[in-house]
Amino acid sequence: MSTENGRVPTRTVERALTLLVEVATNDGLGLVDLARRVNLSPATASRLLRTLEATEFVRRDGDGAYHGASRLIQVAVTSMSSVPLYRLAEPHLAALRDEVGESSYLGVGGPQDTVLYARMAESGKSIRHSGWLGRTVPLKDTAIGTALRGRCGDLGYVSASHTLEDGVTAIAATVRWPDGSPAAALSVVGPTYRIPDEQVRAIGERVAAHAQALSRELGMPDLDAGAASRPADR
């Protein structure tokens, strides 16, 4: 369908993009499930999915399930590699994983007051936290959401247990832009039995240290160095 000036109606574009997001974040769903999730009729969803398939943003397997295809992967990889935050976060996530032995995540602002888990370094332990990459969680009442809002208090980190999943503890700290505003959050997530209260502080200090280091790499001034460089009062 097109308008008189040849442009695709905004509503059609919106529906297609919504479907694309569902395919990307819920890999392997079929037509009926996808249509239900975005409140479309199967006929409308099928027409839009055919267009996305023809343009290589999605693909359909032999069982009728939809998956992200080459163009979608290209856009995702290109976008992430061109954003300094994602690139610079990778070694910090790997270091955190190695230092504390738990999975670590980079969280950024998601749609409608959520946090998007945008990058991770997965723990190598047999029992570990995994599966949140690409997932969104609420800003409110989560450790990573609190950190993303810059509300870590004097400790420099925030922790929460049993909020999103029973038996899981998360510890997060704020990454900041050069002007001091929150850019992202670093988070360590693992089984609560392996992160008792006496371990929270030690892990929190490591998360906060890496968040501060990443903030400096993004251009935020080193406040301690700045204070040291000022002349003493005479």
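These questions and answers walk through a predicted model.

Trainee: Over how many bridges do strand E3 and strand E4 pair?
Mentor: E3 covers residues 103-110, and E4 covers residues 114-121. Two of the facing positions can be named. Gly-110 stands opposite Thr-114, and Gly-109 has Val-115 as its bridge partner. The strands pair in the antiparallel sense, and the count is seven bridges.

Trainee: Which residue in the hairpin of E3 and E4 takes a positive phi?
Mentor: The hairpin has three residues between the strands. The positive phi there is near 55 degrees. The residue is Gln-112.

Trainee: Which residue of E5 does Val-115 stand opposite?
Mentor: Val-115 is also the bridge partner of Gly-109. On the E5 side, E4 pairs in the antiparallel sense over three bridges. There, Val-115 stands opposite Val-137.

Trainee: Is Thr-114 buried or exposed?
Mentor: Thr-114 lies in strand E4. Leaving aside neighbours within four places in sequence, Thr-114 is in contact with Val-108, Gly-109, Thr-136, Val-137, Pro-138 and Leu-139. Its relative accessible area is 14%. The cut-off for buried is under 20%, so Thr-114 is buried.

Trainee: Why is the aromatic pair of Tyr-105 and Tyr-117 edge-to-face?
Mentor: The structure holds one aromatic pair. Its ring centres are 4.9 Å apart, and the planes stand at 70 degrees. Planes over 60 degrees apart count as edge-to-face. The angle of 70 degrees therefore makes the pair edge-to-face.

Trainee: How many residues apart in sequence are the parts tied together by Tyr-105 and Tyr-117?
Mentor: Both tyrosines are buried. Tyr-105 lies in strand E3, and Tyr-117 lies in strand E4. The pair therefore ties together parts that are apart in sequence by twelve residues.

Trainee: Are H1 and H3 roughly parallel or roughly perpendicular to each other?
Mentor: H1 covers residues 10-25, and H3 covers residues 42-54. Their axes are 10 Å apart and meet the packing description at an angle of about 75 degrees. Angles of 65 to 115 degrees count as roughly perpendicular. H1 and H3 are therefore roughly perpendicular.

Trainee: How many nonpolar residues does the contact of H1 with H3 have?
Mentor: H1 contributes Thr-12, Arg-15, Ala-16, Leu-19, Leu-20 and Val-23. H3 contributes Thr-44, Ala-45, Leu-48, Leu-49 and Leu-52. By class, two residues are polar and one is charged, and the nonpolar residues number eight.

Trainee: Where does Asp-141 lie, given its positive phi?
Mentor: Asp-141 is not a glycine, yet its phi is about 65 degrees. Its relative accessible area is 58%, so Asp-141 is exposed. Its place is the loop between E5 and helix H6 (143-148).

Trainee: Is His-162 exposed or partly exposed?
Mentor: His-162 lies in the loop between E6 and E7. Its phi is positive, near 60 degrees, in a residue other than glycine. With a relative accessible area of 45%, His-162 is partly exposed.

Trainee: What distance in space separates Gly-219 and Arg-176?
Mentor: Gly-219 lies in the loop between H7 and helix H8 (223-229). At 41% relative accessibility, Gly-219 counts as partly exposed. Gly-219 and Arg-176 are 43 residues apart in sequence. In space, C-alpha to C-alpha, the distance is 8.9 Å.

Technical notes:
Residues numbered from 1 in each chain as written. Predicted model: local features only at pLDDT ≥ 70, side-chain atom pairs only at ≥ 80, totals over all residues. Heavy atoms only, no water. Pairing = 2+ DSSP bridges. Helix = DSSP H or I, 4+ residues; strand = E, 2+ residues; numbered from the N terminus. Phe/Tyr/Trp six-rings, centres within 6.5 Å; stacked < 30°, edge-to-face > 60°. Buried < 20%, exposed > 50% of the residue type's maximum accessible area, 1.4 Å probe, protein only. Axes fitted to C-alpha atoms, helices over the stretch in contact; angles between N-to-C directions. Parallel < 35°, antiparallel > 145°, perpendicular 65-115°, else oblique. Contact = heavy atoms within 4.5 Å. Nonpolar A, V, L, I, M, F, W, Y, C, P; charged D, E, K, R; others polar.
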